[in-house]
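Thanks for coming. I will walk through one structure, sheet by sheet, and then turn to some side chains.

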Amino acid sequence: MNKFLYSLAAAASTAVIISFTVLPDSIYRRDWIDFNKNGHKDVYEDPRNKTVARVEDLLSRMTIEEKTCQLVTLYGYGAFLKDRLPTPGWKDSLWKDGIANIDEQLTGYRKDTVWAYPYANHTQAINTIQKWFVEQTRLGIPVDFTTEGIRGLNHMKATYFPSQLAQASSFDKELVHQIGDVTGREARALGYTNVYSPILDVASDPRWGRTEETYGSDPYLVSQLGKQNITGIQQNGIISTVKHFAVYSIPVGGRDGSVRTDPHVAPREMWNLYLEPFRVAFQEAKAKGVMASYNDYDGVPIIASKYFLNDILRKQFGFDGYVTSDSHALEDLFAKHHVAQDTADAARLALTAGLNVRTEFKNPADYIRGLRRGIRNGSIPVSVVNQRVREVLKVKFVLGLFDNPYRENIQQANDIVHNTGARLLARKAAQEGIVLLKNDTKLLPLSADKLKSVAIIGPNAKEERSLLSRYGPSHARVVTVYDGLKNSLAPSTEIRYAKGCEHTDKNFPQSDIEDFVIDQDEEAALKEAESAASKSDVIFLVLGDNENTIGETKSRLDLKLPGRQEQLLERVAALNKPTVLILVGGRPVTINYASQKLPAILETWYLGECTGTAIADVLFGRYNPSGKLPIPFPKHVGQIPLSFPMKPSADAHGKEDANVSGFLYPFGHGLSYTSFEYSGLTISKTDFAKTNKLSVSLNIKNTGSVYGEEVAQLYFQDEVSSVITYIKNLRGFERVSLKPGEQKTLRFTLTSHDLSLLNIDMKRVVEPGWFKIMAGSSSEDIRLVQRIRL
């Protein structure tokens, strides 16, 4: 039994012992629950029976009405549900026959927060709802309670972690595992059973609005961090539902919103870049949930693709859970893609392909009616319906819902959610997610107690709203950049603040492609910022995105700073004062001018609840920055598509007379306040023929004067191959903490899969020949190289 299943079983068996006592005329017995209220211990009710037998017994007892209800999501209070808790009217509702899952119920995100906080209130509410389904439906099938969780749990005042892109900048597998663990632990305490996290999309086009929600551009980095998040969540007996399967993150032109279709990617690149994180998620991390995406591939919508949802997902990747649809994806089959005539036809296509649960913010009744119509007229085989229901029920049994559908000790939620340990982890994650892009003349770190006057300028200095996320905790308190800096400065330091400009101008997004005259109000705001900056010893310029420029449906045509922020930057830079550019946002930006003119630049992405505190920690030397870029910075939007990894000649490298080549800041780049020396690269291939593994080791020494953490990155290149491969392939990364003068040895293992390629016949093989093994501080800062023949 794997660790995930063992933890579920252990939790369930323990709960059974302490939870149920013999009660006269009750469905709750000492070691089982009489879900169908017939007074007999049926096969599906007996915890001693194997899951397969329990599923088949329950399935055999279900009506078509009950089966179809296990194939839909009920969106929670404020989205579709009108009731916080069960009412007498539920006996006449669609879900009187059960439901697959209820999503975002009483999270505090919508409408009021009566049952969201204090935390134990929510656990009590979920138990009450679960009790209704167990006791008031004919077969008593429990509900799977789902919610989002990519930045921490989507629940009121849960622990708010950095965005996935900022988490990825840490290159810290243990940290991401701990974030998953806290997310899963808080979910369990609050009564949830399934978390929609992590996002495993590979972001190769930074124009895409959801770039901020990914682990970056490299499939190996995404795979390894995703694996850690999944195992962290699931070790708490909670399902991790990963998304978005598949090839979702490369819409044409980076366009999001209503497009979400027609990704232009060839099969080999699709497997190497965009499917690899999902392979690891299912084969290695054993994720039990997956969300099918909106888009198509080569004209076939993913949600209606047997190739993706059955042949790849279940057969090749061994997925053993259930598939939900991304909202409106099923309706897109007839409303947008026009490959189905109506709901019944769409249900036929999706269920046959492998979809289990239709998820949408609206009433599920229309889908259920169409599904049942298709079953009645014979277009949807009952055998297909049975298989899809079987897969949903199996997950519910694995979750232990049929052995203990309720959360015990509900008051513990108040001690678990957003506790001291979780808050400390949020601060650590924020610190590790900051990338020092530039630090000329060693302007940073600054001495907070020695600064006489500072200017804090820019639309992101006091911004709060855009630091929050629809997919993270609601009602979270975030420390702004301004407050973080102010709290760290001496009381005697004079602070001058000026917004300078809004995030976007009144002509945005048209101003991304056309110049407009600066009006009087804009000019006045710019001059106010100039004046504040000119009177100050040090300037903190806080620029970047807000909720109108990054996020779902917020793709852009340009990668420059939006609105009047470019003009604000130029005017402040012209003062030639010590200036730190602090970027807050969700995608790389083309900051060529800033890179030339300003001495120090920090990329902070979105750092969660400790945003301002962590930024101040880095600026004032309380934390030595160690973050690395999980996605490269292009010089101009016209270079797109240009990302990492890349194939030979993907970039001109200065050979094109009319082209600009190279990245402004490459993948893996990130500076420190100390220096590191690499040495002693050693590769052992003695047992490769037997074990299919290479052992690699190297030494790293802190040659500077302060404590620091380095992220060592291991790359390889297949020098001659039967098909074109990438110039550098990331295949290992490790964080190492070093005191001044201290040296440590790092060890890596390269497997045959790590060194393999998809050959001309699309078979994964390791081809004999020479391989270049490279280690360094970034993809372009390679310190050690060795060739080896396999």
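First, the ground rules. This is a predicted model, in which local features need pLDDT of at least 70, side-chain atom pairs count only at pLDDT 80 or more, and totals for chains, interfaces and linings use all residues. Residues are numbered from 1 along each chain as its sequence is written, and side-chain values use heavy atoms, with hydrogens and water left out.

Helices and strands here are DSSP runs, numbered from the N terminus, with at least four residues (H or I) for a helix and at least two (E) for a strand. This sheet is open, its order is 1-2-3-4-5-6-9, and the pairing is parallel. Two strands count as paired if DSSP finds at least two bridges between them. At the edges are strand 1 (73-75) and strand 9, each pairing on one side only. On average, neighbouring strands are turned by 30 degrees against each other, direction ignored; axes are lines fitted to C-alpha atoms, for helices over the stretch in contact, and angles run from 0 to 180 degrees between N-to-C directions.

Inside this sheet, strand 4 (residues 194-199) and strand 5 (residues 239-245) are joined in parallel by four bridges, and N194 is opposite I239 in strand 5. Strand 6 (residues 289-292) also has four bridges, to strand 9, where V323 is the bridge partner of V290.

Which way do the residues of strand 9 point? Y322 and T324 point one way, V323 and S325 the other, and all are buried. Buried means under 20% relative accessible area, exposed over 50%, and partly exposed in between, with a 1.4 Å probe and protein chains only. In general, side chains of a regular strand alternate between the two faces of the sheet.

Helix 9 (residues 306-316) lies across strand 5, strand 6 and strand 9, at about 135 degrees to strand 5.

Strand 11 (residues 453-457) pairs with strand 12 in the parallel sense over five bridges, and I456 has Y497 in strand 12 as its bridge partner. Contact means heavy atoms within 4.5 Å.

On to the rings. The structure holds 32 aromatic pairs. Rings of Phe, Tyr and Trp (its six-membered ring) pair if their centres lie within 6.5 Å; planes under 30 degrees apart are stacked, over 60 edge-to-face, and the rest tilted. F540 and F620 are edge-to-face, because their planes are at 85 degrees, with centres 6.2 Å apart. These two are 80 residues apart in the chain. F540 is buried at 0% relative accessible area, and F620 is buried at 9%.

Last, the serine. S779 sits in the loop between strand 25 (770-776) and strand 26 (782-789). Is S779 buried or exposed? At 3% relative accessibility, S779 is buried. Leaving aside neighbours within four places in sequence, S779 contacts F644, P666, F667, Q713, Y715 and K728.
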